[in-house]
Amino acid sequence: MPLTFTLDPSVNRELRDGILDLWTDVTDAGGAVGFVAPVTPVTREEIRAELVRHFVAMAEGRARLLVGHDEDGRVAATAFLTHNTHRLMTHWLWLYTVMVHPRHQGRGYGRDLLAAAEDAARGIDGIEAIRLTCRGGLGLERFYASCGYKEVGRVPGAIRVAWGDERDDVIMLLPLT
């Protein structure tokens, strides 16, 4: 059963808790979403602090939330579309915190999420491209490339997962024009 995607949903306790659960479960499963577990255990409170920053950006009009719900109505996927504040770069946006719950892996929901994010970006006046970064060494750049993104840059060793375990920061771009 496909996910149901909503852009700019109302933020309430159920959505907040659903995103917290998703983010925690993705992190615990080894997902590259801003935290590292189980190397460094992540608490729900640490994730909550980052989620609040995302919500503040939404309230200020700097970010938009795309959320996917599964057939049971649970939060199963998210992505944040974040506008550039630099006046010379307002023609593209960032895609952050791209997550699909581990229980849904292998069903094509990641592709569905990226397609929904592309549709959302195309609906924003003046946006000509989506840019994202991903952690090297996990095959993520191959996945994003299979969804139409092109690798446009790489910073070797920019992400320190643990002492002595540095990963590349891979920059991907999806032109919309």
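Me: Why are α1 and α2 called oblique to each other?

Reply: In this predicted model, the axes of helix α1 (residues 13-28) and helix α2 (residues 44-59) come within 10 Å and cross at roughly 125°. Angles under 35 degrees count as roughly parallel, over 145 as roughly antiparallel, 65 to 115 as roughly perpendicular and the rest as oblique; α1 and α2 are therefore oblique to each other. Their crossing is right-handed.

Me: Which residues of α1 and α2 meet?

Reply: Contact means heavy atoms within 4.5 Å. Among the residues that meet are I19, L20 and W23 in α1 and I47, L51 and F55 in α2.

Me: What makes T82 count as buried?

Reply: Buried means under 20% relative accessible area, exposed over 50%, and partly exposed in between (1.4 Å probe, protein chains only). T82 has 15% relative accessibility and therefore counts as buried. T82 lies in strand β3 and touches R62, A63, L93, W94 and Y96, not counting residues up to four places away in sequence.

Me: How do you know that the buried residues of α3 line one face of the helix?

Reply: In α3, Y109, G110, L113, L114, A116, A117, A120 and A121 are buried. Seen down the axis of α3, these residues fall within an arc of 160°, so they line one face; the arc is taken over the directions from the helix axis to the C-beta atoms. What covers them includes β1 (4-7), β3 (75-83) and α4 (140-146).

Me: What conventions apply to the numbering and the values?

Reply: Residues are numbered from 1 along each chain as its sequence is written, and side-chain values use heavy atoms, with hydrogens and water left out. Local features need pLDDT of at least 70 and side-chain atom pairs count only at pLDDT 80 or more, while totals for chains, interfaces and linings use all residues.

Definitions and conventions
Helices (H or I, at least four residues) and strands (E, at least two) are DSSP runs, numbered from the N terminus. Axes are lines fitted to C-alpha atoms, for helices over the stretch in contact, and angles run from 0 to 180 degrees between N-to-C directions. A crossing is left-handed if the near helix is turned anticlockwise from the far one by less than a right angle, and right-handed if clockwise.
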